[in-house]
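I opened a new page for this protein. My plan is to look at one residue first and then at the whole chain.

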Amino acid sequence: MFHDPTRIIRLDRRKFLAAASGLIAAGVLPKSVLALAGPHSFKQGVFDITVVSDGTFALPVAVVSPDAKPEELRVLLGLAVDAQTNPVELSPVVVKSGEDVILFDTGTGTNMDATSGHIAESLKAAGMEPASVTKVIYTHAHPDHLWGTLGKDGGPVFPNASYHMAENEWNFWIKPELASMVPKDLEGMVRATQGQLLAIKDMVSMFKTGAEVVPGINVIDTNGHTPGHVSFEFAGGDGLILTGDVVTVPKIFFAHPDWKFGFDADGAAAAKSRRMLLDMAATGKKLMLGYHWPYPGLGRAEAKDGAFVYTAA
Ligand SMILES: [Zn+2]
């Protein structure tokens, strides 16, 4: 008998789905491992906002926070006792404002993991093309927010866009000596990041915190996760804050805003920014968007006993 390759694939797919659905039910895998989460659109003031999925990323449990034991983190995250990673979403945001199609963060690109780098597919699912993006605005320059700027061929994925980054963030990453200043295992990441930045350097504009990056969208200084990390507040209603990586894992950092996240460059500064932003959201009853939060990343904060309670919105 000849093998029927389609049958083998079907069986493997079925086996995979059976295993995956168990893990999803147990909260170990996000639903989006089966398929990319579909675009999620809503209106905020004059802005048409669409959350698009770049995919997911397996965050090592040990990275979630060095301020707690992995056993404790697993319990708080609802993970299995032997889980080594906590899956998180990667959710760039598209904002239509007048003639502009503005993309906040570009995803991981294709060099990181098969589970991520799918922003182009998600844009298509939302009826958009990468070529229709007119502005790319970054919260910060970490790989999972920036490396989707260039395609496999080294060319820009968003060929008609201008690029916008906080001045402090750009100046930090672009320093030629940075690669030799960081620990050896981060050297490659720094060089790859600099490659992406150098490719857009003639098209980049730098903005300052406290300014409007686009009419109705204010830049909030939330440094700490990186030296020039920023968040954005959108006018309309009580306001919407695009938080970036101020709060990476809501199950942990709403209740423990002073804990360090493993990838925070300056833990104390990051904690200060986190408290400031959560306090601002809780006091003003503002809606929040978190890049790594359960899809589509919308949530609210409520102040409680010196910390915060997270509710998905
Ligand atoms: Zn991130």
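I count two residues as in contact when heavy atoms lie within 4.5 Å. This is a predicted model, where local features need pLDDT of at least 70, side-chain atom pairs count only at pLDDT 80 or more, and totals for chains, interfaces and linings use all residues. Residues are numbered from 1 along each chain as its sequence is written, and side-chain values use heavy atoms, with hydrogens and water left out.

Entry on D264. I found D264 in the loop between α9 (250-253) and α10 (267-284). Helices here are DSSP runs of H or I with at least four residues, strands are E runs of at least two, and both are numbered from the N terminus. Setting aside neighbours within four places in sequence, I listed G224, H225, A270 and R274 as contacts of D264.

I then looked up R274. Its side chain makes a polar contact of 3.0 Å with the side chain of D264. For this term I noted a pair of N or O atoms within 3.5 Å; within protein, one must be able to donate a hydrogen and the other to accept it, and residues adjacent in sequence count only if both atoms are side-chain atoms.

Is D264 buried or exposed? D264 counts as buried because its relative accessibility is 4%. Buried means under 20% relative accessible area, exposed over 50%, and partly exposed in between, with a 1.4 Å probe and protein chains only.

Entry on the whole protein. I noted ten helices and 16 strands. Of the 313 residues, 49% count as buried.
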